[in-house]
Amino acid sequence: MSHQFDNAAVSAHLSHVRIVMVNTTLPANIGSALRAMKTMGLSKLVLVEPKTYPHPDIDALAAGAADLIEQIEIVPTLEEAIKDCHLVFGTSARSRTIPWPLLDARPAAEKSLQAVVQDKQEIAIIFGREDRGLTNEELAMANYHVTIPVNSDYGVLNVAQAIQVICYEMRMAALNFIDKIEDPEATMRVTEQESMHWDEPLVTHAQMDQFYPHIEKMLADIEFMDPQNPRLLPLRLRRLFGRIQLDKMEYHLLRGIFSRVQAMNDGTWKQSTKKSADKENQPDA
C-alpha cells in the first residue's frame with residue numbers, strides 16, 4: 001500500500017473522531033491543540049464555551065494549521081458537542097463518584113477505530129478545563145473514561161500535551177487497522193476478538209439524552225426511585241446503558257416498555273387498545 005493511500009485511508013477514518021475542549025481558558029492551548037491534531041491527521045475540533053475566542057494566540061500557536069481554525073465549531077453546551085456521537089470518551093486522571101469503565105489511551109484508541117471501521121460510528125474525546133478538568137456530571141456523559149499512563153511521580157500534562165498523546169494513539173490505531181486489512185492473518189486474528197456488526201444504527205447521545213429522563217420518570221412513577229433523593233441510581237443507569245450501546249430497535253423497544261409500565265401504573269392502559277399497541281411495539285424479527 002502506498003504512503004499516499006495510507007494517508008488518505010487514515011484521514012478518512014480519523015474524520016469520524018472529534019476533539020472536544022470544554023471551557024478552555026488559554027487561547028494558546030486551542031492553537032496548540034490544533035497543531036497537535038493536524039500532525040496526526042485529525043481535523044474536527046469542537047469548543048464548548050471557550051473563555052476567550054477568537055484570539056491572536058490561537059493563530060500563532062496553530063502555525064501551519066490555519067485551515068483547521070476555519071473548521072472549529074463553537075457550541076454552548078457539552079450536550080450539543082456530542083449529540084450526534086455514538087461513542088464518547090471523557091479524559092480523567094481518575095474515576096470519581098462511582099467506578100466507571102476506564103481505558104488507557106492506547107486501548108481507547110483501538111476501541112474507537114474499531115467502532116469507526118466496523119460501524120462508521122462518530123467518536124468524541126472530551127478534554128476539560130485547564131485547572132480542574134471535567135465535572136462529575138460531564139464525565140457521566142461519557143461511555144468510557146480514558147487516562148494517559150504517566151509517570152506516577154510527576155504526572156503533569158497540560159491539555160494540549162494530552163491532546164497530542166491521544167491524537168498520536170488514534171493515528172497509530174488507524175494505521176494498525178489498515179495493516180490488518182492488508183494482512184489476511186491479521187484480519188483473521190481481529191475476528192477472534194469480540195465484535196459485532198449491527199443490523200440497526202446505533203443511537204446517538206442526543207437520543208440517549210431523551211432516554212435517561214424517560215427511564216427515571218418511569219422509575220419515579222412506580223415509586224422505585226425517589227426523585228427528591230435519587231442517590232446514585234441515575235448515574236448507575238448512565239453507566240449501564242453507556243456500556244451497552246443501544247441500537248435503534250433496542251432503544252425504541254425499551255422506551256415502549258417504559259411507556260407501557262407508566263400507562264399501566266396510572267390506569268390509562270386500556271384493554272381495547274392492547275392488541276393494536278402490541279402490534280405496533282412488536283420488534284421486527
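Which residues of α10 are buried? In this predicted model, where residues are numbered from 1 along each chain as its sequence is written, local features need pLDDT of at least 70, side-chain atom pairs count only at pLDDT 80 or more, and totals for chains, interfaces and linings use all residues. Side-chain values use heavy atoms, with hydrogens and water left out.

The buried residues of α10 are H205, M208, F211, Y212, H214, I215, M218, L219 and A220, where buried denotes under 20% relative accessible area, exposed over 50% and partly exposed in between (1.4 Å probe, protein chains only). Helices (H or I, at least four residues) and strands (E, at least two) are DSSP runs numbered from the N terminus. Helix α10 comprises 17 residues, 205–221, and reaches 24 Å from its first C-alpha to its last, close to the expected 24 Å; the expected span is 1.5 Å times one less than the number of residues. The cover over its buried residues includes α5 (78–82), β4 (87–91), α11 (233–244) and α12 (248–266). Just after α10, E223 adopts a positive phi of about 60°.

Helix α6, with 15 residues (105–119), reaches 21 Å between its first and last C-alpha, close to the 21 Å expected. Buried positions in α6 are A105, A108, A109, S112, L113, Q114, A115 and V116. An α-helix has 3.6 residues a turn, so residues three or four places apart point the same way. Just after α6, K120 takes a positive phi of about 55°.

A search of the whole structure finds 0 disulfides, a disulfide being a pair of cysteine sulfur atoms within 2.5 Å.

Conventions: Contact = heavy atoms within 4.5 Å.
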